[in-house]
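Student: Could we go through the charged contacts and the pocket of this model, setting each value against its definition?

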Amino acid sequence: MDGLIWALGGALGAMGWAGVVVRRRRRADAERTAARSLAACRELLVLIARLQQHRGMSSALLAGDRSFTAARMGKARDIDAVLPALRAAAQAESGMAHPCLTVNEFAVFEHRWGVLRDALASLSVEQSIAQHSALIAQLLQWLAALGEARVEPLFGEHGARDAARNYASRLPALTECLGQARALGLSVAARGGCSAVARVRLMFLIARAEHLLAQAAKGAVRGRCADEAAAAVQAMAQMVNTRLLLRTGVDVPAQVVFEVASGAVDSVFAWASDTGAQLNRARQSPSAAGATVWAA
């Protein structure tokens, strides 16, 4: 009887230890997935920013401002440089049960980017903006999917989940509104006038940007990055509304448009980067971060 008791105790102990091992392995797997997903989000944000800049430079170049030639070529190289990291992220994500991004999808993206890069000189401004924007829309879709499926579930606090949505969805969408307005504004400045179609589009993009800014502000703890972004977006909106909507006689240099618009876009990316850092700290130390980072 004693032997049976000892045997049962040993079996139960082994089962308990096996359960501990399984739980530890699951936690380790979840930690690796969380770290990998946040890293993939960061790389996607970098690529979105570089494609947006390339789109703006291409718009000015195709509209006749040759001063952006060297910068545009350099930006294309910057885009190529970040692709390997995202290719690796796609490979890792492809192993998930419901992948947000697959190797095949990313291969198609790389092909489309290569075609655009090589054929750019033969495109019109409108064609360039449309093709760049389609590529960026795909990146935004992957980023939002990763945010919803991989990042938001890491956090239980309402504030943290709202910040995760800002990081992967609202703020990237805001940069894209501003980025499209930058590209269109550069073509207007290079041509010296704003067509009726461009005027309607610019007015829509600025109104949409202001709406997204207000949405993001509601889901964020106010801080220096958020305040600086709000001020920069308003400065860009003022420039567009007061200086770029004229049918003729637009006298703002393309370089000035690029600098003001890029200041707005970059400030929103800085806000997103700061939010991502807060999320990473909250993930690594939820008890401490939950009480400080997300307090209203």
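Tutor: Lys75 and Asp78 both lie in helix H2 (residues 69-94), 3 residues apart, and are therefore separated by about one helical turn; helices here are DSSP runs of H or I with at least four residues, numbered from the N terminus. The model is a predicted one, in which local features need pLDDT of at least 70 and side-chain atom pairs count only at pLDDT 80 or more, while totals for chains, interfaces and linings use all residues. Residues are numbered from 1 along each chain as its sequence is written, and side-chain values use heavy atoms, with hydrogens and water left out.

Student: What makes Lys75 and Asp78 a salt bridge?

Tutor: The term requires a side-chain nitrogen of Lys or Arg within 4 Å of a carboxyl oxygen of Asp or Glu. The closest N and O atoms of Lys75 and Asp78 are 3.5 Å apart, so the pair meets the definition.

Student: Why is Lys75 called buried, and what is Asp78 called?

Tutor: Buried means under 20% relative accessible area, exposed over 50%, and partly exposed in between (1.4 Å probe, protein chains only). Lys75 has 15% and is therefore buried, whereas Asp78, at 30%, counts as partly exposed.

Student: Which parts of the chain does the salt bridge between Arg117 and Asp80 tie together?

Tutor: The side chains of Arg117 and Asp80 meet at 3.1 Å, N to O. Arg117 lies in helix H3 (residues 103-119) and Asp80 in helix H2, so the pair ties together parts that are 37 residues apart in sequence. Arg117, with 27% relative accessible area, is partly exposed, and Asp80, with 30%, is partly exposed. Asp80, Arg117 and Asp118 are linked in a network of salt bridges.

Student: How do you know that Arg150 and Glu93 are buried?

Tutor: Arg150 has a relative accessible area of 14% and Glu93 one of 3%, so both values fall under the cut-off for buried. Their side chains meet in a salt bridge at 2.7 Å, N to O. This pair links distant parts of the chain, with Arg150 in helix H4 and Glu93 in helix H2, 57 residues apart.

Student: How many residues does H5 give to the lining of the largest pocket?

Tutor: H5 gives the most, with 5 residues. A pocket is an open set of points on a 1 Å grid over the protein atoms alone, where a 1.4 Å probe fits, with protein on both sides within 12 Å along at least five of seven lines; lining residues have an atom within 4 Å of a point.

Note on methods. Helices (H or I, at least four residues) and strands (E, at least two) are DSSP runs, numbered from the N terminus.
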